[in-house]
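Subject: Structure handover and notes

Hello,

Please find the structure below. My notes on what was found in it come after.

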Amino acid sequence: MSGRAGWLGGAGALLALAGCVCAGRTGPKPPGADPYPSYLQAVESDLGEAARGFVDGKLTGRQYLDLASDRAAKARRYRDDSSWRDAAKQGDRDEDRVPDPLDRCDSPRSTPTNEEGCPPPNRPGPGPGPDDDQRARDLLDQATFLLSPACDGTPAPRASNPLAWGHGTGDTRNTFFFVIDKVASTPPGCDLFYEMEFRIDLLHLGPDPLVRYITVLFRGGEDITPLDSSRAVFSLPFGEFLTPARADLWGALTNARSVRWRVRAVNGAQATSPWSPMKAKNATAGGMTF
Amino acid sequence: MANPGAPSRLSPNSPGLVLLALSASLAFLLGPNPVHAHNPVVHRDMTDRAYEIMLALAGNHLDLAADPGLAELATASRIAIRRFGALPAGLPPPKESRCIDPDTIQKIGTNTPNWSAPADFKQMTLGAVPHAISLTYITGNDCGVDETWRPGAFFDTINGNPQFSGRVDRTGAVLGFWAHQPDDEEDDWHVFIRPTNLGGLSVVKSYIETALGVAGGTVWVTVRCALDCAASVVTAGLVGDCKACVDEAIEDAKDAVHEGLTTIDGLIPGFGDHTSLDMYTGMGHHLNVAGAGSFEPWKLAGASYDDRPGLLIENAGPTGTPDPLERAVMLVADELGLTVHYDPSHGPKRYEVAGENDFHPDSKHRDEEDWEWLSFVHTPFTPLDNLAFHGWKEFRDAPRDNVPALGWPLHAFGDAIVPMHVVGTFGYGHRPYEDAFANRLGDFLNTDDREGAQAQALAIAKRAVAWRRIILDWRRGHPERGNDIPIRDLITQLAQRTLGKVEGPGQSIWPFNPVWSSAYVVPGPTREAAILFYEKAGSDAVNLDLLEEGIAAELAFLVSAAEVAP
């Protein structure tokens with residue numbers, strides 16, 4: 001079963017969930033509220049269906065946006081307009097979410113309408129193109145969230161700060177070290193990560209500055225000074241396996257005119273500190289030893 | 001009114017944590033700074049520079065050329081500086097007494113800075129703050145000193161010059177710190193997935209917990225995978241594509257633990273700056289003056305609740321069409337029913353304007369059910385001018401107790417010069433634009449150019465006279481308001497000016513480009529390309545103009561705000 005088929009297979013369950021959603025609401029109901037759980041269920045079902053339709057490629061971005069904003073507007077109208085709510089008690093035969101007493105047109109399923117249930121005016125502008133649509137879909141595969149049961153209940157890390165960087169001495173002269181302000185430790189099994197972003201002005205002969213932005217991620221367990229409670233040190237050794245960005249960073253640092261960097265911490269439950277300010281730091285003179 | 005300290009509906013150990021994590025991943029998608037503002041340093045330096053120019057005016061270091069407007073501003077600046085100096089800064093004690101940054105220690109000559117503060121640290125006056133405070137003063141865990149701060153260029157010769165008072169006035173740096181602080185108000189907006197939607201994903205958590213065992217580790221699950229699992233409401237275990245993608249993620253996690261290394265290069269897609277779990281700080285930091293969202297067959301524009309609309313994601317952007325990043329967020333929010341979580345959110349209570357009679361209509365009140373009616377992408381958020389008003393009101397009514405509250409209006413001035421904030425979008429290049437802006441800030445402010453900074457100070461002061469005139473005219477027209485300030489008008493006018501400066505035929509390339517936000521969120525070459533696009537877009541002249549106008553508006557505001565202080 002494909003991923004999309006899985007979604008569609010779950011659509012029935014989602015509808016059931018939508019019912020739970022309404023049942024779980026609290027607070028005052030509008031007067032004459034009888035139909036509202038089912039009305040809102042229906043709108044939420046439409047919104048979910050529109051989203052899946054776009055992800056599956058059955059709807060363009062334009063169609064998705066039109067349908068989503070149409071259904072949201074109708075839900076807001078239902079919330080704000082008692083006559084609309086009263087009319088809704090009498091049903092919605094074509095399921096366009098315009099109550100039958102106010103509906104003057106039969107609408108195809110899952111299409112936007114105007115207030116009378118008839119085709120709306122065209123939205124001005126061309127709308128998003130196919131490339132834009134694909135970018136939105138691709139983000140769902142690129143975006144991740146972190147999950148670590150061992151981090152349950154762990155608060156977000158405090159902010160860290162860059163402290164120093166430089167190359168080593170002797171046997172480590174081809175290794176770069178990064179020293180940062182260590183944040184509080186996490187429970188066993190709960191990972192802590194430090195993300196560092198570098199802005200490096202490179203030495204070069206051209207008239208314009210040549211700038212690189214490089215982001216690297218270190219696991220807390222890579223700290224080479226685990227017993228130091230205040231500082232964490234990470235290394236970038238030459239000649240060992242490096243991820244593409246780490247290799248990129250190594251190369252850029254060997255040719256840096258100036259370096260600014262910032263850091264933030266995140267634990268395995270995705271609790272994140274703010275970024276530190278971007279700090280300009282020269283390489284530590286004379287090299288670093290640990 | 002909800003208790004701002006009330007716990008979230010979901011306990012930390014509930015299955016809901018899975019979905020809160022997913023919610024946080026959405027926070028990332030909201031533009032690694034959900035709907036955020038300028039980088040902290042921009043907010044701080046705008047306010048600081050406004051204050052340094054006040055010092056220059058007050059000390060007759062600028063050529064006023066018999067300009068009555070400038071003369072009035074200089075006189076008002078002298079009074080304002082004295083009044084600010086006597087107000088408690090409102091700073092809590094630093095988190096640590098010892099510094100660990102070697103540069104800081106070298107600069108201040110000790111690793112244990114002496115603050116010379118009274119017993120109640122918060123009563124230390126602005127004029128007595130002995131160190132420039134760091135931007136992580138509250139969120140970090142250090143001694144809170146920023147060794148890199150200095151008044152800058154021309155201002156170094158005025159502020160702290162032995163030839164004059166000799167004392168370094170750090171009021172600007174402290175006010176600047178407060179100006180950035182609204183971006184750290186992580187309780188302003190919470191978003192949650194309704195507990196009844198936890199269904200399938202709670203099963204995922206149990207599955208992962210069993211698979212990882214005692215060694216723990218971190219599983220990286222794609223949003224698409226999570227959505228598959230959310231759609232597969234199972235009770236007996238994971239099935240189909242959901243099981244396949246989760247199994248794959250678990251194997252990757254085990255390998256990572258075994259190797260002890262991180263084999264990826266960034267948090268993909270990353271995380272929202274200043275977000276933690278379900279917090280979406282910046283959703284009240286927009287003021288949509290474009291009017292593009294007004295196309296509504298349903299006559300329900302985002303301004304339904306306030307006279308000016310804020311962020312309404314379904315109508316985001318210069319043309320009211322969300323960009324790819326925003327559409328991705330819409331998909332997930334609609335699929336999972338992500339809504340504003342009213343109880344723990346301060347924003348709905350803070351930024352609703354009621355009974356103020358400032359010649360703007362009150363906000364239309366919204367209760368819990370209004371806020372949680374639809375997913376947050378279909379929810380109109382409170383506008384930026386309301387945010388400014390919140391802080392101004394607090395300071396105006398009790399200035400001795402509320403210097404930190406000045407941070408809200410000062411922050412709003414900073415946001416109102418960001419093109420993306422004035423068309424209500426967290427996409428369209430919002431974050432890379434702000435990163436690029438921050439990286440050019442030193443050049444914009446002439447921090448290494450004494451003559452350039454002096455000339456710029458005079459130019460900004462002249463602009464400030466116009467903003468000061470708006471305030472004084474308003475006061476003359478409404479004498480019953482005393483020294484009140486029409487803050488909602490000021491923010492709105494600055495936002496309208498910002499849009500006027502950037503809109504035109506080329507706006508879909510710069511600044512409102514639909515490509516760069518989705519490129520920025522993936523660490524690596526595309527993020528780099530996105531920032532460099534904005535750094536090299538040939539837009540320095542426009543950005544500099546926006547910055548100078550923002551500083552000018554802040555200057556006029558600060559001078560006028562001091563007039564309500566004792």
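The notes take chain A and then chain B.

This is a predicted model, in which local features need pLDDT of at least 70, side-chain atom pairs count only at pLDDT 80 or more, and totals for chains, interfaces and linings use all residues. Residues are numbered from 1 along each chain as its sequence is written, while chains are lettered from A and ligands numbered from 1 in the order in which they are written.

Chain A

Chain A has seven helices and eight strands. Helices (H or I, at least four residues) and strands (E, at least two) are DSSP runs, numbered from the N terminus. Of its 290 residues, 45% count as buried. Buried means 20 or more other C-beta atoms within 10 Å of the residue's own, exposed means 12 or fewer, and partly exposed is in between, with C-beta atoms placed from the backbone. Among contacts in chain A with a separation of 6 or more, 60% come from residues 24 or more positions apart; a contact is two residues whose C-beta atoms, placed from the backbone, lie within 7 Å.

One open sheet in chain A has three strands in the order β2-β3-β6, with antiparallel pairing (strands pair if DSSP finds at least two bridges between them). Its edges are β2 (162-167) and β6 (231-236) of chain A; each has a single partner strand, so one side of each is left without a neighbour in the sheet. From one strand to the next the twist averages 15°. Angles here run from 0 to 180 degrees between N-to-C directions, and axes are lines fitted to C-alpha atoms, for helices over the stretch in contact. β2(A) and β3 (residues 176-181) of chain A run antiparallel and are joined by five bridges. Pro162(A) has Ile180(A) of β3(A) as its bridge partner.

An open sheet of four strands in chain A has the order β5-β4-β7-β8, again with antiparallel pairing. At its edges stand β5 (210-219) and β8 (279-280) of chain A, each with a single partner strand, so one side of each lacks a neighbour in the sheet. Two bridges join β7 (residues 256-267) of chain A to β8(A), and these strands run antiparallel. Arg260(A) has Ala280(A) of β8(A) as its bridge partner. Helix α7 (residues 244-253) of chain A packs on this sheet, where α7 touches β4 (192-202), β5 and β7 of chain A, and its direction makes about 130° with that of β5(A).

Chain B

The axes of helix α2 (residues 40-58) and helix α15 (residues 450-477) of chain B come within 10 Å and cross at roughly 95°. The two helices are therefore roughly perpendicular to each other (the cut-offs are under 35 degrees for roughly parallel, over 145 for roughly antiparallel, 65 to 115 for roughly perpendicular, and oblique for the rest). Ile53(B), Ala56(B) and Leu57(B) of α2(B) make the contact with Ala457(B), Ile460(B) and Ala461(B) of α15(B).

Some backbone points follow. Most residues other than glycine have a negative phi, and most peptide bonds are trans. The peptide bond from Trp510(B) to Pro511(B) is cis, with omega near 0°. Ala153(B) has a positive phi, near 45°, and is buried, with 21 other C-beta atoms within 10 Å. Asn446(B) has a positive phi of about 55° and is partly exposed, with 19 other C-beta atoms within 10 Å.

Regards
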